[in-house]
Amino acid sequence: MSKSGGEEPRIGVFVCHCGTNIAGVVDVKEVAEYAKTLPNVVYATDYVYMCSDPGQELIKQAIKEHNLNRIVVAACSPRLHELTFRRTVSEAGLNPFLFEQANIREQNSWVHMDNPEEATRKAKDLVRMAVAKARLLEPLEPKEVPVEPAVLVIGGGIAGIQASLDLANKGIRVYLVEKEPSIGGNMIRLDKTFPTLDCSACILTPKMVDVSRHPNITLYAYSEVVEVDGYIGNFDVKILKKPRYVREDRCTGCGKCAEVCPVTVPNEFDLGLGPRKAIYIPFPQAVPAVYTIDMDHCIKCGLCVKACGELEAIDFDQKPEEVNVKVGTIIVATGFELFDARQKPEYGYGIYQNVITSLQFERLVNASGPTGGQIVRPSDGKPPKSVAILLCVGSRDQKALPYCSRICCMYSLKHAHQIKEKIPDAEVYILYMDIRSFGKGYEEFYNRVQHEGVKLIRGRASEIWEDPETKNLIVRAEDTFLGKPVELEVEMVILATGVIPNPATEPIRKALFITQSPDGFLLEAHPKLNPMSTTVDGIYLAGMCQGPKDIPDTVAQASAAASAASIPILQGKIVIEPIVANVDENLCGGCGICESVCPYGAVTVEEVGGKRKARVNEAKCKGCGSCGAACPSGAITVLHFKDDQILAQVDALLTG
Amino acid sequence: MPNRYPGIELATRIVMKNLGIELVDMEGASCCPAPGAFGPADLFTWRVLGARNLSIAEKKGVDVLTVCNGCYKTLYEVNQDLKSDPELRERVNEVLRPLGYEYNGTIRVRHIAEYLHRDYGVEKLRGAVKKPLEGIKVAVHYGCHLMRPKLRRELGDSERPHLLEDIIEATGAECVEYKDMMICCGAGGGVRSYDLALSLTLTHTKIKNATEAGADCMVNVCPFCHLQLDRGQAELKEQWGVYYGLPILHYSQLLGLAMGIPPKMLGFEAHYVPVDSFLEKLKGII
Amino acid sequence: MLPALRRAVEKEQVVVEQRMLTVTQQLVIDLSRCVGCGICVLSCPKEAITQGPVGAAVKRAAPVPPIVVDESKCSFCGVCVAMCPFGAIKLFINGEPKVPIIEEEGFPKLFKSIEIDKDECTVCGLCVDVCLRDALTRVLYMPQVRSDAAARVRLVAESIKFEVDYDKCTFCTLCSSICEAIEVVKEFSSEEGLVGKHVLFDEEKCTFCRTCEMICPEGAIKIELATRDKPWVGEIVRNLDECIACSRCVVACPKDAIRVEKPFEGEIVFNADKCPGECSTCVEVCPCGAIYLPQPTKPGEKVPRIAVNQDLCMLCGACVSACPVEGAIELRRKAVRCEGPETDLWKEVVEKLTKPLVSRRLG
Amino acid sequence: MSELEQMEEKPTQRAVFEVIRSSEFDPEFAKVVASSGADEIVQCFQCGTCTGSCPMGRVSAIRTRQIIRMAVLGLKKVLATDELWHCTTCGTCYDRCPRDLKVTEAIVVMRMLAVREGHIPPNLARIVGYVYQYGHAVPINEEIRNLRKKLGLSELPPTTHSYPQALESVQKAMKATSIYETVVERGKPDRG
């Protein structure tokens with residue numbers, strides 16, 4: 001039996017009533033009395049709220065009076081108050097890890113409410129087990145590691161831009177990585193923003209310019225994060241700069257190359273509505289204003305080289321370039337993509353020319369879009385005199401996306417308004433299930449659009465047919481208020497497609513060992529109290545990658561993430577929980593099973609003195625125990641959950 | 001096998017024989033029974049009788065092939081239900097065992113269209129066509145229960161499928177798109193016998209739209225749809241005074257023509273809408 | 001949905017289309033012109049074109065394009081348009097025929113030329129007769145002269161001299177009474193009485209029949225004709241877009257007046273011993289009619305199974321694409337000529353085109 | 001007289017002003033529908049995709065969404081409606097329902113419950129009767145026999161028509177389930 005400091009354990013047991021949460025079911029007095037009968041227990045008592053100040057004082061007093069060196073509190077889940085009691089114990093002069101908590105609330109009184117007798121018996125079992133483990137507890141010392149004073153921001157949309165600027169303004173170095181040739185994300189594609197109708201580019205481009213000029217921000221556009229190693233405070237990041245085939249240091253963005261380029265292809269930025277050349281910038285205000293050659297379409301005719309002349313910015317031989325940076329924290333802001341409307345074949349997207357998506361409409365109505373802001377329908381280029389907007393295309397649909405995409409109601413109301421503004425005599429219908437105008441000023445905007453004569457029909461569109469002659473569309477639905485099927489003949493249909501997590505997030509998610517919720521978006525540490533952090537220390541979330549949200553919410557979360565990401569950096573060092581895996585190198589055979597099961601990438605097998613041995617990176621280790629369970633030779637144990645400690649608990653349970 | 005249109009039975013037997021596929025009769029089989037017209041009377045009885053039919057095929061160790069969407073729905077779904085629910089299977093077998101039958105879930109149920117498309121193969125089918133029906137415009141009628149509900153089938157999308165188009169185009173004919181192509185013939189779910197006039201409204205929509213799209217004929221894969229679309233036109237003439245005269249062919253009959261089987265062996269006599277003018281059109285080909 | 005990519009066979013054309021809201025690009029392949037030579041396949045910088053069935057492989061009712069453009073790979077750059085020796089490919093941007101890469105001088109055009117020595121040419125039209133396309137047309141300036149004697153005369157006449165010996169002329173008007181070209185002017189004066197004055201001649205109306213000369217009782221009229229060196233009755237008009245540089249015209253010209261410059265230099269070799277005979281696919285596909293099945297001139301003479309007239313061949317390679325026999329035909333292009341800037345891209349294309357091509361077994 | 005009063009005068013119009021009272025909600029009915037195979041109907045959010053998809057809805061009074069609504073609320077009178085029998089079971093609503101409801105199956109279940117309540121349409125009784133009597137909903141008649149002979153097929157197909165023992169087993173199976181009592185027996189007078 002291992003002892004700490006060579007002393008005989010003197011255990012104090014404290015049973016909490018938690019008001020009536022525990023005491024209403026469990027006979028707490030009986031449990032406390034029982035505890036006194038257990039070996040090494042020298043003191044036991046109960047109290048109404050152990051976590052309260054008087055409760056904690058009670059523990060401290062008892063430690064002093066009874067010279068206690070091990071503490072067991074039987075109360076709620078350790079998730080809630082383990083830290084509280086560790087601190088209490090520590091204040092009384094004991095090592096905080098000489099404390100054990102027995103959960104007699106969540107795992108007992110709450111689940112056995114109708115059986116107080118059995119619950120009391122189970123509480124005794126749990127206390128007995130805790131005491132058995134407490135006897136074997138060892139003092140542990142937390143470690144401190146220094147923090148690299150820089151932040152990596154992945155994704156250059158509004159979330160990444162906002163987070164980068166906030167951090168940079170605090171004086172922190174920021175590496176902003178964007179996979180597209182320019183930052184701006186999806187927001188820069190939008191025409192106006194609801195409900196204030198600010199021009200999206202007008203409010204975003206100043207921030208983009210700030211990013212490009214800020215001395216604390218290093219922008220890696222047309223680049224991808226390919227590898228992340230390390231842990232909070234010390235992440236090693238490998239960034240791959242994709243070849244633009246245009247030298248960033250020489251290109252002035254003059255555009256002479258694009259003028260002469262003979263290859264015209266659809267511009268992804270306009271969602272294929274308008275053209276670009278094989279050498280291009282996606283939009284005029286692009287940051288950085290550097291041209292990129294699309295090698296999928298370039299034929300290397302050399303006209304651009306000639307047009308570029310003495311600048312000699314074009315370099316067909318450019319290769320991908322690797323950049324390594326070191327950062328203390330990381331913000332993921334990888335955004336979203338649209339649901340592919342072709343998955344709802346009843347709406348005919350991809351088949352009927354005049355069925356477009358909402359994002360295509362944004363480009364159509366945008367003054368810098370391919371039509372100069374004129375709303376026209378694709379089949380004949382004429383302004384449509386009637387438009388139907390279909391909500392929830394993909395969203396709130398068990399056959400597609402079960403969740404609400406949150407933004408579609410509002411942007412569709414905005415689209416209806418924009419159509420009415422530009423084609424006043426157009427009939428605009430919105431087919432909806434519910435209008436969710438949840439934000440500040442949103443309900444008022446909804447009201448305004450109703451005033452403008454937009455017809456809202458409460459019914460989800462069931463199908464669309466195209467008249468092959470006129471290319472008009474017949475939208476079928478039920479007006480559920482009238483309880484009658486309706487058929488609307490319109491000249492254009494806009495599908496308010498839902499949002500999905502950006503597929504490009506997935507490799508990043510895996511590299512960072514962060515998790516996703518069932519909907520595919522990245523999982524936050526706590527949905528209410530910590531929505532901008534992940535379960536991995538030092539990695540934070542901003543914007544749509546965490547879940548559908550509008551611009552105000554995205555910006556707010558981005559600032560929150562920036563603030564959270566700056567804390568370890570401003571502290572300069574971080575404390576690491578000592579409950580980590582520990583390798584007994586004498587037993588380790590270097591088989592590597594531990595490495596393959598570790599969900600955090602904390603265990604690696606390395607050469608030590610000519611032999612392969614498992615190594616634990618204590619900063620990355622979460623103490624989950626997967627490696628310990630998998631180790632065939634019993635070489636790995638998790639401190640505070642050592643084999644003898646757990647076996648003692650099991651013994652205690654079976655011998656009760 | 002369809003009782004009303006023996007021509008479909010004959011055409012299927014000949015066509016399959018020519019394709020080298022052996023058909024085994026299920027002696028003593030009963031009505032599938034009809035999913036829409038019989039099912040609601042008692043879903044358990046519907047499953048018992050369906051299982052009885054399946055057990056006949058099981059005993060012979062062969063999969064079931066249907067030429068009818070209704071039979072397909074009943075037998076496919078009963079097979080699926082009983083395979084996945086051992087308790088239900090036991091209750092069904094409790095009724096069947098004393099009668100000398102037992103369902104064990106050992107076979108598959110396939111529709112002839114599915115079989116020709118997936119198992120036999122479109123390319124091979126094209127190879128079997130001796131008289132490509134070039135220049136013939138076909139309006140495709142899927143019928144509902146072949147593809148729907150898609151969650152209970154493995155045939156893919158039911159909004160814009162191309163299963164039938166593929167095997168029809170293998171005969172050399174061209175498929176024309178027409179409005180409301182995927183809607184019901186009107187007969188299903190017992191509606192034909194419950195309210196004939198109501199069922200004919202959908203029939204009218206289909207026939208009218210197909211005719212306006214320039215179809216020379218409409219091809220189906222279900223004798224019940226076949227009845228509604230064929231006899232329904234005679235009924236529309238009688239009740240509404242409108243007549244389109246659009247010839248209705250079961251796929252087996254169309255394939256038979258393309259394989260060079262003489263029309264008189266394909267049993268067009270039982271049709272209400274004469275196919276003479278259609279056959280006239282094919283004169284240069286067959 | 002936009003952008004819309006489409007490929008469709010419409011009548012005798014394959015249309016490859018990329019449609020955006022404001023720009024539509026179409027690559028149109030004229031199947032009546034495309035011979036399946038495969039030059040575009042080799043030239044395409046994006047490898048978007050593949051060889052389809054050529055020759056005997058094509059025995060179907062509907063037209064099967066001998067080249068297949070993958071619309072998803074095509075950059076609509078127009079290099080194939082510039083390279084096609086048969087003018088079978090056209091690029092349209094918003095409905096207008098346009099090849100930006102040529103207009104911006106990023107790529108030259110395939111060179112070919114027809115020159116006709118006007119001095120030698122007799123406008124006989126044999127060249128037009130043998131031309132397989134519409135590259136040559138004979139334009140006659142006066143096509144309807146058979147019944148118009150005056151016009152006939154003017155075709156050959158430089159000038160017609162009509163001279164009246166007034167010493168002999170009695171102003172009898174016999175000449176003017178039979179000919180519209182002659183007018184006799186008489187005047188009367190009190191002083192001199194009736195006096196003949198002039199015999200006017202209208203050259204335009206004269207048919208050089210000389211009847212006036214013969215009818216004049218006094219022999220006062222004399223007609224002389226100054227003929228042109230060479231009656232200039234028309235010309236052969238060239239259309240280079242249509243010309244496939246086969247040189248049949250050169251061979252046909254009795255005056256050696258035509259010179260054709262071909263886009264390719266090199267040679268074609270027929271290994272007649274490898275040819276199984278009785279196939280003649282190469283003969284059928286050859287756009288120049290350069291390949292033939294030699295016939296014995298006398299019984300028992302051994303002739304090769306297949307042969308080519310090198311003069312007529314323009315080295316397109318259609319026969320190589322079509323030949324189903326391994327190694328029966330070999331094409332070795334040595335040089336490619338162009339008109340316009342010889343850019344790096346052009347040089348790359350030339351490199352690909354000048355690699356030897358050998359016929360391969362089908363399948 | 002006001003328009004409202006006028007309408008109230010006419011008893012046929014009164015239904016317009018009908019109040020649905022909570023006392024009419026039969027929670028058991030909703031449970032029975034759910035337990036008979038349409039377990040997810042409570043998730044219906046009344047979007048109307050089903051009605052909008054329904055080909056019959058365009059030509060008849062059937063409103064799929066309302067049928068489901070009545071079942072969810074436990075309004076048992078849905079079983080007595082004519083519209084319940086207008087569904088052709090085409091499954092379009094089933095395929096499009098964003099809540100993954102087995103809409104068509106729910107309707108078939110409700111039809112079965114209607115039959116148990118005694119709402120037996122004559123055609124249903126007739127078809128069940130035919131199956132009992134001949135083994136087939138569409139028995140072979142004289143005309144078809146002749147045609148079969150003419151086409152060179154066997155006069156009777158190799159089904160229950162040819163195998164009396166097989167027919168007997170069908171009849172026994174039907175007797176062993178509740179259908180005999182609820183439909184065959186009760187439906188007899190309707191069979192002409």
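This is a predicted model: local features need pLDDT of at least 70, side-chain atom pairs count only at pLDDT 80 or more; totals for chains, interfaces and linings use all residues.

**Entry 1: Thr329(A)**

I began with the contacts of Thr329(A), taking contact to mean heavy atoms within 4.5 Å. Setting aside neighbours within four places in sequence, I found Thr329(A) in contact with Ala150(A), Val151(A), Leu152(A), Phe235(A), Gly538(A), Tyr540(A), Ala565(A), Pro568(A) and Ile569(A). Thr329(A) belongs to strand 18 (residues 329-332) of chain A; strands (E, at least two residues) and helices (H or I, at least four) are DSSP runs, numbered from the N terminus.

Is Thr329(A) buried or exposed? Its relative accessible area is 0%, so I wrote down buried (under 20% is buried, over 50% exposed, partly exposed in between, with a 1.4 Å probe and protein chains only). Its side chain reaches the backbone oxygen of Ala565(A) at 3.0 Å.

Residues are numbered from 1 along each chain as its sequence is written, chains are lettered from A and ligands numbered from 1 in the order in which they are written, and side-chain values use heavy atoms, with hydrogens and water left out.

**Entry 2: cysteines**

How many disulfides are there over all chains? My search of the whole structure gave one, counting a pair of cysteine sulfur atoms within 2.5 Å. It joins Cys199(A) to Cys202(A), with 2.4 Å from S to S. The link of Cys199(A) and Cys202(A) is right-handed, with 80° about the S-S bond. Cys199(A) is partly exposed at 28% relative accessible area.

Cys144(B) counts as buried, at 10% relative accessibility. Cys93(D) is in no disulfide either, as the nearest cysteine sulfur, in Cys90(D), is 6.2 Å away. Cys93(D) also counts as buried, at 10%.

**Entry 3: chain B against chain D**

Here 58 residues from chain B meet 61 residues from chain D. The buried area is about 4900 Å², with 66% from carbon and sulfur atoms; this is the accessible area (1.4 Å probe) that two parts lose on being put together, summed over both. On the chain B side, Asn3(B), Pro40(B) and Tyr194(B) lose the most area to chain D, together 14% of what that side buries.

I found seven salt bridges across this interface, each a side-chain nitrogen of Lys or Arg within 4 Å of a carboxyl oxygen of Asp or Glu. I looked up the one between Asp95(D) and Arg148(B), where the closest N and O atoms are 3.2 Å apart.

**Entry 4: chain A against chain D**

In this interface, 20 residues of chain A are in contact with 20 residues of chain D. The buried area is about 1700 Å², and carbon and sulfur atoms give 43% of it. Gln398(A), Lys399(A) and Glu478(A) supply 31% of the area that chain A buries against chain D, more than any other three residues.

Which residue of chain D meets Glu478(A) in a salt bridge? I found Arg65(D), at 2.8 Å from N to O. Across the interface of chain A and chain D there are four salt bridges.

Notes:
A polar contact is a pair of N or O atoms within 3.5 Å; within protein, one must be able to donate a hydrogen and the other to accept it, and residues adjacent in sequence count only if both atoms are side-chain atoms.
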